[in-house]
Amino acid sequence: MSPQTKLPSQDTEAAAGWRARLHAAWRKAEQTANLAIGVPDYETYVRHQRTQHPDQPVMSYPVFFRSRQDARYGKGTSRCC
Amino acid sequence: MNTWTSRLGWTLLSVFAAVCLGVVALRRGETINAMWLVAAAGSIFVIGYRFYSRFIADKALRLDGARATPAQLHNDGLDYVPTDRTVLFGHHFAAIAGAGPLVGPVLAAQMGYLPGTLWILVGVIFAGAVQDFVTLFLSTRRDARSLGEMIRTELGPTAGWVALVGVLLIMIMLIAVLALIVVKALAASPWGTFTVAATIPIALFMGVYLRHLRPGRVGEVSLIGVVLLLLAVTFGGQVAADPNWAPLFTFDAKTMAWMLIGYGFAASVLPVWLLLAPRDYLSTFMKIGTVGLLAIAILVAAPELKMPALTRFTDGTGPVWSGALFPFLFITIACGSVSGFHALVSSGTTPKMLANERDARFIGYGSMLMEACVAIMALTAAAVLEPGVYFAMNAPAAAIGTTAESAATAIANWGFVVTPDLLTQTAKDIGETTILSRAGGAPTLAVGMAQILNSLMPGFGSMAFWYHYAILFEALFILTTVDAGTRIGRFMVQDLVGAGYAPFRNTESWVANTVATTICVAGWGWFLYQGVTDPLGGINTLWPLFGIANQMLAGIALIFATVTLIKMKRERYVWITAVPMAWLLICTLTAGWLKVFSSNPKIGFLAHAQKFGDALAKGEIVAPAKSIAQMQQVFLNDRIDAGLAMIFMVVVVTVFVLGVRTAWQALRANAPSTHEAPYVTTNETAVAGH
């Protein structure tokens, strides 16, 4: 089979692969930007809470964000010159 | 075959690095292209990372990938989270990068680009990156404890307390000197003042948006914020050109200092979500974006370095700061080569998020190399300026007068050709009335950046736009440091005073908070005001004190690291931290000693005080003071500065003596005597489900 006559399913598979990779890269960039200002990843937190502490409530994103903001600046952050 | 090609590759890269460095170091009498500098630095950093940091990781520290990190042991999804190493690298770099690496190299350029370049390259590979890496490692092995706590457990409580006092003092000096840089940049500059003032309502709006309108949507609000900032930069030009509006944003240095002091107080008692946090978000993103932009611009524009490799001021007679190359260059460039402050960051939030102990090398050593790249870029931006323009911007009025003509004459006497026209034209290009005596690094860097960016994108914006953009970008994160630093200072004061009087420790107490904040603001405010009224420009006096303080803290961190290596029974590798430690102690103590006791009144505080004291006794007035009151002020300032320098020396010597004592006991012990957290393997944490 010549490369020109790819099956349609191969095309979508390749496209899906690309999309997944792009999505992963975007997620990573998002996580980096958030952590640079001291906000850890919300999804990771939710997963941790669900698997490790299923009996405890999970903070909503706004509550989570507020608690992280207070944690970062509450005691003062060390930052460089 | 594979190892053979890899060896060949590394050999070729080493030869390339040596050639580039040779060009940087040996060309004389003709300008060189900045690319030589960039290529030399880049290849040396890659080689240093590949070989030296790996040696430290594998042989000296023996990083253990099977050992559970605090993030794995205490995973709570919030503070302790095992984090992807590139994501964590961004966090760590954002925390260590600030104004320091942008200012020090610019000031050091008065000796030419070569001394600063060599100290950045050698300093970061053998001292700065080592300190950051080792501190991060040691904190990771100790449940992510802070530097102060680790010193207390490994070197004893006295050393811990002394170090804490040292940290408080360096914080106060840091804030004072950074605030002074902002004052120098904004005094008599309505455009700059308007732009920076506009950040306050923009940050307040962002704060309310994030708290109440659309909680936690950082991405969209930061984008809105950046757009508003760019509009403010553009609009500032019209404000400055308008005869009715411009005077409202034109202040002299003294008024500006008082406004900053008031601002610092207000900002540090306001709720964090309202002003501090949103401005921190803006400054973090703008910092990373602008540094990236500058890096690309330098690579694409490939400018020529107009500053000579060495100037005549290596002899210590320079107008920007006084003192010979040794020891003063090594305290002038702190951040970028080695910064004690990073030891605080490396023992802060980063060790709580390491997914694997082996990542400490990439994050600790690697981030610091990145910071050194920023320092090299700042040095490049200063060195692409005409040397005459550089000196006009950085020399105090006492040396060059206050007109373009007097400045051009004075600078020509130093051997740098510059016409008054060039000075006025440069000021006009950047939309300012004057560029004279704007010491402190920020304006110089801004002019350099504006030249590079404007040459690259002549149609987009103007010199004036880029200049004020650069000023804004620096002022933004300096102001964030001012109020975040005041807040940390306040907690430290509460901690220290609370040790004697317990109720003071209560951070909920309104009285305790206000008193502690006032102490902290008064501390840095005093030095800021002293710097603003100093006829020698302030930077001349304050930057060396800050440099000594910062390098002293690096000395303390390296003493701690050295002693701990001995306690781990890794004596064979102790030179890795002991050699940079010794070098920093020699530099700081020599510089501190000279600042206090040098008989040259340009360098020694006491000699300077003596000169003014003698004149006062005779009832004479010595220039640049203009009245008896000013004379008395100078006399008092000198003695306080001398006292401060002495305290720094006492702090570092005390920690050193206590360190030697602990090391001696550890040497005689037969087994390791460190206080590491118990060993748990990653498998065990997986089983425990945490």
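Predicted model: local features only at pLDDT ≥ 70, side-chain atom pairs only at ≥ 80, totals over all residues.
Me: Why is the radius of gyration of chain B said to agree with that of a compact globule?
Reply: For 690 residues, a compact globule would have a radius near 26 Å; chain B has 25 Å, and the two values therefore agree. Along the principal axes, the C-alpha atoms of chain B fill a box of roughly 75 × 70 × 60 Å.

Me: What makes up the secondary structure of chain B, and what share of its residues is buried?
Reply: Chain B has 27 helices and 2 strands. Of its 690 residues, 57% are buried, that is, they have 20 or more other C-beta atoms within 10 Å of their own.

Me: Why are helix 11 and helix 22 of chain B called roughly antiparallel?
Reply: Helix 11 (residues 253-269) and helix 22 (residues 510-533) of chain B pack at an angle of about 160°, with their axes 10 Å apart. Angles over 145 degrees count as roughly antiparallel, and the pair is therefore described in this way. The crossing of helix 11 and helix 22 of chain B is right-handed.

Me: Which residues make this contact between helix 11 and helix 22 of chain B?
Reply: Among them are Leu260(B), Gly264(B) and Phe265(B) of helix 11 and Val521(B), Gly525(B) and Leu528(B) of helix 22. By class, the contact has 10 nonpolar, 6 polar and 1 charged residues.

Me: How many residues does each chain give to the contact between chain A and chain B?
Reply: Chain A gives 27 residues and chain B gives 43. On the side of chain A, helix 1 (8-36), helix 2 (42-52) and helix 3 (61-74) each give two or more residues.

Technical notes. Residues numbered from 1 in each chain as written. Chains lettered and ligands numbered in written order. Helix = DSSP H or I, 4+ residues; strand = E, 2+ residues; numbered from the N terminus. Rg over C-alpha atoms; globule rule 2.2 N^0.38 Å. Buried ≥ 20, exposed ≤ 12 C-beta atoms within 10 Å, placed from the backbone. Contact = placed C-beta atoms within 7 Å. Axes fitted to C-alpha atoms, helices over the stretch in contact; angles between N-to-C directions. Parallel < 35°, antiparallel > 145°, perpendicular 65-115°, else oblique. Left-handed = near helix turned anticlockwise from the far one by under 90°. Nonpolar A, V, L, I, M, F, W, Y, C, P; charged D, E, K, R; others polar.
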